[in-house]
Amino acid sequence: MDLYFINKPNLDRLVKSLSKTYKIFAPVKSDNKRFYRKTGEDGLGDSVIGEIRAVEPIKSFYFPARTKIAEYFSKDNSSEKEKPIAIIGAKSCDLVSFKVMDYVYAREPFRDPFYVSKRETGLIISSDCTCYGDTCFCVAIDIMPYPAEGFDINLSELDSGYVVETGSSKGEKIIKEYFKLFQSAEPYIEKRGSYRKKLKEDLLEHVKKSKIPPKDSIQPAFKGKFDSGLWEEVAKTCVECGACNMICPACHCFILMDQKKEKGFERLRMWDSCLLMSFARVAGGANPRKLLAQRLRNRFDKKFNFFPDTIGKFGCTGCGRCTEACPGKIDIREVLSKLQTS
Ligand code: SF4
Ligand code: SF4
């Protein structure tokens, strides 16, 4: 890990140069939310590097909602080779979600070539959060609002520029190539530390209100509530829309669908949702999770029981997106707190 400093005009120059190699996406703000947009040819424009995570999870770039994985009896020439992607302004909660996504899609012997290729060729320039959203609770599960790993380069926004941290050999290579754009980080390191400390303390204070159980007691608390009425109670307002799955950076299930084209067929891989009735249904119509409460419990089981057992981490990064997206007003923080209290 090496630290440097880059001022805002030089970051623009860097991004402009990188746009010759990469298709660059960075968040822009609209209606007080952040959405990824293609950028880079003219620098960063009105992109927001600090603040909080975007509405879309980072998985959208590596595991898109719809991917053509095969075609039969036709040759669609539209799949020309595209530039690799570079994401600027990804936040810590999204980077942590790669622990789950990489486990599912990049582990031998079942490596998904579409996902792996994007991970290998892509570039991630992440950034520290500079504030928190109402539904954010990363610190409650020991994830900091600034990245610790999983980035090529990380930017910590200060008033006049950014402290730059390298996190991979790809990131180091870029710094080396554009070295004249950077300066010593020495005068800025203390300020970065105090900004990070203040945000962490403020966020800890914010999540206290939610009464989320301590991280290490979440899995045992979930096991203790497996057969309780909690799941039926929570499921009362669920309308089975699947938004919580779609918006989650760590949800990764998919369904295959064949679609007729003018000439031949194409096979699509589309995001799926474990909240939907049809998700676990098998040939013949049998369904091990017929009840909505069972499906809702299954979602928490996977995130707070299966993944801790499997990879030693939650399948949740505390990003709060599912709470924001849920039309049934189901708040994941409340469900976690009820694991201990109800
Ligand atoms: S479960 Fe909700 S809070 Fe956790 S990572 Fe997914 S969307 Fe974010
Ligand atoms: S977003 Fe809310 S209403 Fe929709 S499936 Fe998820 S829990 Fe149910």
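**Figure 1. Residues around ligand 2.** In this predicted model, 13 residues surround ligand 2. The closest are Cys 238, Cys 241, Cys 244, Cys 326 and Gly 328. Sorted by class, the shell around ligand 2 holds 10 nonpolar residues, 2 polar ones and 1 charged one.

**Figure 2. Residues around ligand 1.** The shell of ligand 1 also consists of 13 residues. Which residues are closest to ligand 1? They are Cys 248, Cys 316, Cys 319, Arg 321 and Cys 322. The classes in this shell are 8 nonpolar, 3 polar and 2 charged.

Figure 3. In general, the strands of a sheet pair through backbone hydrogen bonds, in either a parallel or an antiparallel way. Both kinds can be followed from β2, as described next. Strand β2 covers residues 23-30 and runs parallel to strand β6, residues 85-90. The two strands β2 and β6 are joined by 3 bridges. With β3, strand β2 pairs in the antiparallel sense, over 7 bridges. Here Ala 26 stands opposite Arg 37 of β3. The strands β2 and β3 form a hairpin, with 2 residues between them. In the turn of this hairpin, Asp 31 has a positive phi of about 55 degrees.

**Figure 4. Helix α7 against helix α10.** Two packed helices are described by the angle between their axes and by the distance between those axes. Helix α7 spans residues 215-224 and helix α10 spans residues 292-311. Their axes come within 10 Å and cross at roughly 120 degrees. At this angle, α7 is therefore oblique to α10. The crossing of α7 and α10 is left-handed. On the α7 side the contact involves Ile 218, Gln 219, Phe 222 and Lys 223. These residues meet Phe 300, Phe 304, Asn 305 and Pro 308 in α10. By class, the contact of α7 with α10 has 5 nonpolar residues, 2 polar ones and 1 charged one.

**Figure 5. Helix α7 against helix α12.** Helix α7 also packs with helix α12, residues 332-341. The angle between α7 and α12 is about 70 degrees, and their axes are 9 Å apart. The helices α7 and α12 are therefore roughly perpendicular to each other. Their crossing is left-handed. Which residues make the contact of α7 with α12? From α7 come Ile 218, Ala 221 and Phe 222, and from α12 come Leu 336, Leu 339 and Gln 340. By class, 5 residues of this contact are nonpolar and 1 is polar, while none is charged.

How values were computed. Residues numbered from 1 in each chain as written. Chains lettered and ligands numbered in written order. Predicted model: local features only at pLDDT ≥ 70, side-chain atom pairs only at ≥ 80, totals over all residues. Near = placed C-beta within 6 Å. Nonpolar A, V, L, I, M, F, W, Y, C, P; charged D, E, K, R; others polar. Pairing = 2+ DSSP bridges. Helix = DSSP H or I, 4+ residues; strand = E, 2+ residues; numbered from the N terminus. Axes fitted to C-alpha atoms, helices over the stretch in contact; angles between N-to-C directions. Parallel < 35°, antiparallel > 145°, perpendicular 65-115°, else oblique. Left-handed = near helix turned anticlockwise from the far one by under 90°. Contact = placed C-beta atoms within 7 Å.
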